[in-house]
Amino acid sequence: MGKSQNHKVTEHIKLHGIIVYSLLFLFLFFQAVNSSQLFAISLNNDRNTYPLGSHLEVHEDSEKKYNINTIQNAPFIKPPDRGALNFGFTSSAIWARFKITIPPNNITQWFLEVGYPLIDKVELYMPDRKKTYTVKRYGDTFPFSRRDLEYQNFTFSLKTKPGTYTYYVRIESTGSISLPLTIHSQKKIIKKANNLQIFLGIFYGALTITMVVNLFIALYNRDKAFLFYSIYIVSFILVSLALSGTGFQYIWRNFPEINSMVPLILFICIFWVLMFTRAFLHTKDIIPDSDRIVLFLLAISILGVLASPFVPYSIGIRLGAFYVILLVPILLITGLVSLKAGVRQARFYLLAFSFFLLGSLITSLNRFGVLQSNVFTVWAFHSGTLLQVFCLSLALGDRINVLQEESETAQSKALEYHKQLADSLQRSDRLKDEFLNNLSHELKTPLQVMYSYAELIRDEDEKDPETLKSYGEKIYGNIDKLKTYIEDIVLITDLSSHPALNTTGINLSSLVNKCIDKYSKVISEKNLNINIGISKNTKIMADEKYMQKAIENVIKNAIQFNKLNGDIFFTAMAKKHENESDICISLCIEDSGIGIPPENIDDIWEKFYRVDNSLTYKVSGVGIGLFLAKRIIELHGGKIKAESILGMGSKFTITLRAP
Ligand code: ADP
């Protein structure tokens with residue numbers, strides 16, 4: 001490498017070094033200018049408000065080791081240019097300083113406003129002539145009456161004598177720290193306080209009216225949802241009063257310790273909003289899975305209520321805030337799920353909580369300095385709340401409509417039911433009358449016959465044993481008829497007390513034959529064709545005494561309502577019982593008789609019912625045969641059904657369990 005080349009390289013490195021050092025110098029210079037030069041704001045009479053955001057310097061004293069004398073030499077930095085400074089939850093003390101110039105022509109009284117009422121301790125160090133500082137201490141741990149102004153935010157009156165002053169503000173809090181510092185003229189701050197009073201009057205007034213109205217509706221309608229909603233509003237008012245500092249200003253001004261109860265009130269408020277959600281959306285009945293989640297959240301809020309008095313404020317408020325952040329989306333999802341499940345009021349619920357969420361979000365973003373302060377962002381939370389209350393009130397109004405509709409339908413249903421009851425009472429009364437008529441006729445006829453034959457035996461000198469025997473048989477036959485009627489009537493009462501059955505495997509074919517034999521005389525008189533297609537081995541599980549009565553009643557009808565030379569078919573089939581492994585036997589009794597009109601086919605099982613036509617009245621009966629048959633079969637766990645074609649015949653199918 002040549003000498004001249006070496007020289008070039010050295011020159012190059014030198015140049016490079018100069019550039020780097022100059023840049024570094026410039027950077028440090030700007031840093032220094034930026035960090036140390038505090039420009040004074042001149043407070044002129046022609047302006048009313050000076051936001052301090054960009055004129056502030058801050059120092060985070062994490063060990064809390066500085067006092068007003070030492071802090072003046074500590075390094076301060078310029079915070080990023082945002083509307084409000086936010087330090088979140090911090091255990092450090094925050095120092096802020098600003099410089100103001102009061103011009104010689106000043107006629108205004110200036111106030112410093114710390115626009116965040118939930119700070120434990122705010123100290124303003126005011127310079128006096130001797131370059132020493134006097135301190136003014138405020139905070140939500142000191143009684144309200146100490147303050148310079150009747151205003152929920154901390155306000156300090158500033159010096160009015162012309163000159164340039166550097167003020168120091170020291171803030172300490174177990175909750176989150178936010179530093180929206182503004183200087184206002186007296187005129188402006190009074191206007192602000194007045195406007196705020198009007199707005200808060202409307203806000204709390206609307207909430208209180210809604211609460212009272214809902215309470216009345218709750219008492220009137222005995223509806224839990226309304227009651228829980230009223231309690232929720234009360235607890236919400238308390239939370240809002242505490243968070244905005246209004247409660248401290250107007251209600252508990254000499255009891256600053258109530259300010260530290262915010263976590264407790266917050267958990268109580270959450271508890272009631274969950275109770276309201278459950279009652280309002282009927283989660284228990286309609287969306288039980290979501291209901292379990294709501295119950296779990298309820299349990300956590302009860303835990304929060306119980307634990308709050310024993311947990312330090314700084315932890316309690318963090319837990320409460322975290323729980324609210326977690327809760328709002330869960331409530332929105334619950335609303336969505338119940339909307340999907342068809343709950344009509346879920347629409348209002350969703351809308352209400354969306355407003356609330358949006359309002360809270362906007363205000364939080366404003367508090368964190370993401371959104372600029374304006375009427376919309378500052379009051380978004382309150383407006384969201386009012387809209388929420390409005391939507392839920394609409395929803396509750398809608399619910400009144402639903403309740404009214406429900407009560408109207410219930411009323412008309414009750415009326416319908418009463419009408420049906422009256423109709424059926426009338427009908428059973430009529431049937432009973434008919435039954436008594438039929439019965440007296442059915443009892444009178446055999447008695448009359450018996451009486452006549454008994455008279456013949458007594459009065460006539462008939463000695464022929466064959467004739468006497470035939471008289472005896474007539475009397476015996478009629479006694480049998482009477483006995484059957486009396487037995488049937490006794491059986492009605494017997495069956496209503498659910499008698500114990502003695503079920504065994506019974507041969508169906510022999511049971512059917514036994515029943516047919518009882519009516520052999522009528523069968524031959526009518527010349528009926530009896531066809532029995534039942535296998536000799538078919539067995540059913542039944543109590544023989546009762547089952548014989550049931551089948552006999554069906555067979556008796558098939559015979560009595562049959563035409564001359566008619567047919568009766570008996571068939572039995574084994575089949576599997578629906579949904580069960582048991583085998584069942586279906587016995588069919590089909591006749592070619594007069595048939596049953598389709599409109600009466602369902603009535604024939606009713607007690608004392610007889611089809612109202614001349615064909616039926618030709619046959620004796622009182623209308624309890626099929627009623628008893630159905631009762632007995634059902635007592636055995638079986639079924640009976642009827643099919644019929646008028647004028648062609650009827651088919652009765654009895655299904656019973658096989659052994
Ligand atoms: P009844 O003592 O009148 O026979 P039931 O209860 O046995 O009483 O029958 C009720 C009514 O059903 C009968 O009066 C009759 O009108 C009708 N009925 C029952 N079985 C038959 C049938 N096989 N054919 C035609 N009508 C029938």
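1. A crossing is left-handed if the near helix is turned anticlockwise from the far one by less than a right angle. The model is predicted.

2. Helix 3 covers residues 186-221 and helix 4 covers residues 224-244. Their axes lie 7 Å apart, at an angle of about 160°. Angles over 145 degrees count as roughly antiparallel, so helix 3 and helix 4 are roughly antiparallel to each other.

3. Which residues of helix 3 and helix 4 make the contact? From helix 3 come Phe 203, Tyr 204, Leu 207, Thr 208, Thr 210, Met 211, Asn 214, Leu 215, Ile 217, Ala 218 and Asn 221. Helix 4 supplies Phe 226, Leu 227, Tyr 229, Ser 230, Ile 233, Val 234, Phe 236, Ile 237, Ser 240, Leu 241 and Ser 244. The contact of helix 3 with helix 4 holds 15 nonpolar residues, seven polar and no charged.

4. A second pair is helix 6 (residues 262-281) with helix 8 (residues 288-307). The axes come within 8 Å and cross at roughly 160°. Helix 6 is therefore roughly antiparallel to helix 8. The crossing of helix 6 past helix 8 is left-handed.

5. On the helix 6 side, the contact uses Leu 264, Phe 267, Ile 268, Ile 270, Phe 271, Leu 274, Met 275 and Arg 278. On the helix 8 side, the residues include Asp 291, Val 294, Leu 295, Leu 297 and Leu 298. Ser 301, Ile 302, Gly 304 and Val 305 of helix 8 also take part. By class, the contact of helix 6 with helix 8 has 13 nonpolar, two polar and two charged residues.

6. Two histidines deserve a look at the backbone. His 282 is not a glycine, yet has a positive phi of about 50°. His 282 sits in the loop between helix 6 and helix 7 (283-286). Its relative accessibility is 29%, so His 282 counts as partly exposed.

7. His 498 also is not a glycine and has a positive phi, of about 45°. The residue lies in the loop between helix 13 (465-496) and strand 13 (504-507). Is His 498 buried or exposed? With a relative accessible area of 62%, His 498 is exposed.

8. Now the chain as a whole. The chain has 18 helices and 19 strands. Of its 659 residues, 44% count as buried. The chain exposes about 36,100 Å², and carbon and sulfur atoms supply 61% of that area. Among contacts with a separation of 6 or more, 74% join residues 24 or more positions apart.

Conventions: Residues are numbered from 1 along each chain as its sequence is written. This is a predicted model: local features need pLDDT of at least 70, side-chain atom pairs count only at pLDDT 80 or more; totals for chains, interfaces and linings use all residues. Side-chain values use heavy atoms; hydrogens and water are left out. Axes are lines fitted to C-alpha atoms, for helices over the stretch in contact, and angles run from 0 to 180 degrees between N-to-C directions. Helices (H or I, at least four residues) and strands (E, at least two) are DSSP runs, numbered from the N terminus. Angles under 35 degrees count as roughly parallel, over 145 as roughly antiparallel, 65 to 115 as roughly perpendicular and the rest as oblique. Contact means heavy atoms within 4.5 Å. Ala, Val, Leu, Ile, Met, Phe, Trp, Tyr, Cys and Pro count as nonpolar, Asp, Glu, Lys and Arg as charged, and the others, Gly among them, as polar. Buried means under 20% relative accessible area, exposed over 50%, partly exposed in between (1.4 Å probe, protein chains only). Accessible areas come from the Shrake-Rupley method with a 1.4 Å probe; for residues, only the protein chains shown count as cover.
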